[in-house]
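Please look over the sequence and the model below before reading on.

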Amino acid sequence: MGLQIGEIIPKKEISFLDLKGKTIAVDAFNAIYQFLTTIRQPDGTPLKDSIGNTTSHLSGLFYRNINLILESIKLIYVFDGEAPKLKEKTHETRKELKQQAKEKYEKAVKEEDIEAMGKYARADVYLDEQKIRESKLLLEAMGIAIIQAPGEGEAQASQLAQKSNIYAVASQDYDCLMFKAPLLIQNLSLSRRRKTPTGYVEIYPQLIELKNVFKELDINQEQLICLGILCGTDYNPGGIKGLGPKKSLKIIKEFKTKEKIFKALEIKEKPEFEKYEINFEWKKIYEEIKNPNINKKIKIDFPKINPERIKDILLKYEFSEKRIDDQLAKLEDLKKRAAQKTLF
């Protein structure tokens, strides 16, 4: 679900050239879900091999990441570990939504409604152990570092991004800002062109700087976490009904500290607060966000690119050998040019 505060967050468009030579920690589950959701047939069904194995995630991981590697961007994929107990409600909500989407998809199939099929099929996405295992094997073969977080991947990635040799976190979600990611990049692994009713438009990465968020919104880290909790996080989906980002920001600026903010809402300090109900334990959520389950002593190893291993994995799922070879040839050319540059 992610934190829904995008409409008030300052961001700027950058080019892939701006990221040349940078190391970026990717929120792995976020990226893979994105591939499973967007890389699909016109009727909404994911890409599959002849025996029904889903391959959308492998297609995204290979072709999209190859493009980034060719831009001389180094990638670290950070995978989720054990989810906090506070996230159980989110998992239940997601199950319900997926079941509803599945029923609507089946109805659309019967009615031969291609547009509705595409819409509801995308909502019924699962990331199981097999897909996670396949993803890790392919990423390793591509020379991409893998980190297994003990808890939330986005929290671990945000902690990594606080180190001087890692430039930013890549995720479509804003949660990383609550976990103190200094820089957040969105659209990094999206398709670079998007079809619209009037034609194709170019998609560029968006950069969000935490210090600019504080400056533009005139808030601090504590208040940013409170903003997230009011609007709704993965630990309290939906937040406080009736409170969007703008109203929440106004309340935060008026009452300043977390204690005063939530006390004002609990005791209905203002007449307009009568309609707002807090049905979650905000102190537990705040503590989970402020002190997430992360490993502060992670060693990052970048494996060597293994073209044969890449081909073994992808050909098993009936990917085009010619397309794979074309991409690997580009990598080999990049490697030769880098060697020549080093020599001179």
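The model is predicted, so local features need pLDDT of at least 70 and side-chain atom pairs count only at pLDDT 80 or more, while totals for chains, interfaces and linings use all residues. Residues are numbered from 1 along each chain as its sequence is written, and side-chain values use heavy atoms, with hydrogens and water left out.

The protein has 14 helices and nine strands; helices (H or I, at least four residues) and strands (E, at least two) are DSSP runs, numbered from the N terminus. Of its 344 residues, 48% are buried. Here buried means under 20% relative accessible area, exposed over 50%, and partly exposed in between, with a 1.4 Å probe and protein chains only. The protein exposes about 18400 Å², and carbon and sulfur atoms supply 49% of that area. Accessible areas come from the Shrake-Rupley method with a 1.4 Å probe, and for residues only the protein chains shown count as cover. Among contacts in the protein with a separation of 6 or more, 71% join residues 24 or more positions apart; contact means heavy atoms within 4.5 Å.

Helix packing comes next. Two packed helices are described by the angle between their axes and the distance between the axes. Helix H8 (residues 210-217) packs with helix H9 (residues 221-231) at an angle of about 80 degrees, and their axes are 11 Å apart. H8 is therefore roughly perpendicular to H9. Axes are lines fitted to C-alpha atoms, for helices over the stretch in contact, and angles run from 0 to 180 degrees between N-to-C directions; those under 35 degrees count as roughly parallel, over 145 as roughly antiparallel, 65 to 115 as roughly perpendicular and the rest as oblique. From H8, Leu210, Phe214 and Leu217 make the contact, and from H9, Gln221, Leu224 and Leu227 do. By class, this contact of H8 with H9 has five nonpolar residues, one polar and no charged. The classes are nonpolar for Ala, Val, Leu, Ile, Met, Phe, Trp, Tyr, Cys and Pro, charged for Asp, Glu, Lys and Arg, and polar for the others, Gly among them.

H9 also takes part in the surroundings of helix H11: the buried residues of H11 pack against H9, helix H10 (245-255) and helix H12 (282-290). Which residues of H11 (residues 258-266) are buried? They are Lys258, Ile261, Phe262, Ala264 and Leu265. These residues cover an arc of only 155 degrees around the axis, so they sit on the same side of H11. The arc is that of the directions from the helix axis to the C-beta atoms. Lys260 and Lys263 are exposed on the other side of H11.

The backbone on either side of this helix also calls for comment. Most residues other than glycine have a negative phi, and most peptide bonds are trans. Lysine 256, in the loop between H10 and H11, is not a glycine and yet has a positive phi of about 70 degrees. Its relative accessibility is 49%, so lysine 256 counts as partly exposed. Just after H11, lysine 268 takes a positive phi of about 55 degrees.

Helix H13 (residues 307-316) has Ile310, Lys311, Ile313 and Leu314 as buried residues. Seen down the axis of H13, they fall within an arc of 165 degrees and therefore line one face of the helix. The face turned away from the buried side of H13 carries the exposed residues Glu308 and Lys316. In the loop between H13 and helix H14 (321-343) lies glutamate 318, with a positive phi of about 70 degrees although it is not a glycine. Glutamate 318 is partly exposed, at a relative accessible area of 47%.

Threonine 54 lies in the loop between helix H1 (28-38) and H2, and its relative accessible area of 19% makes it buried. Not counting residues up to four places away in sequence, threonine 54 touches Leu36, Pro46, Leu47, Lys48 and Lys131. Asparagine 67 belongs to helix H2 (residues 56-70) and is partly exposed, at 32% relative accessible area. Asparagine 67 and lysine 330 are 263 residues apart in sequence and 9.6 Å apart in space, C-alpha to C-alpha. Asparagine 187 is in the loop between strand E6 (183-186) and strand E7 (193-196) and counts as buried at 14% relative accessibility. Leaving aside neighbours within four places in sequence, asparagine 187 is in contact with Gln172, Ile203, Tyr204, Pro205 and Gln206.
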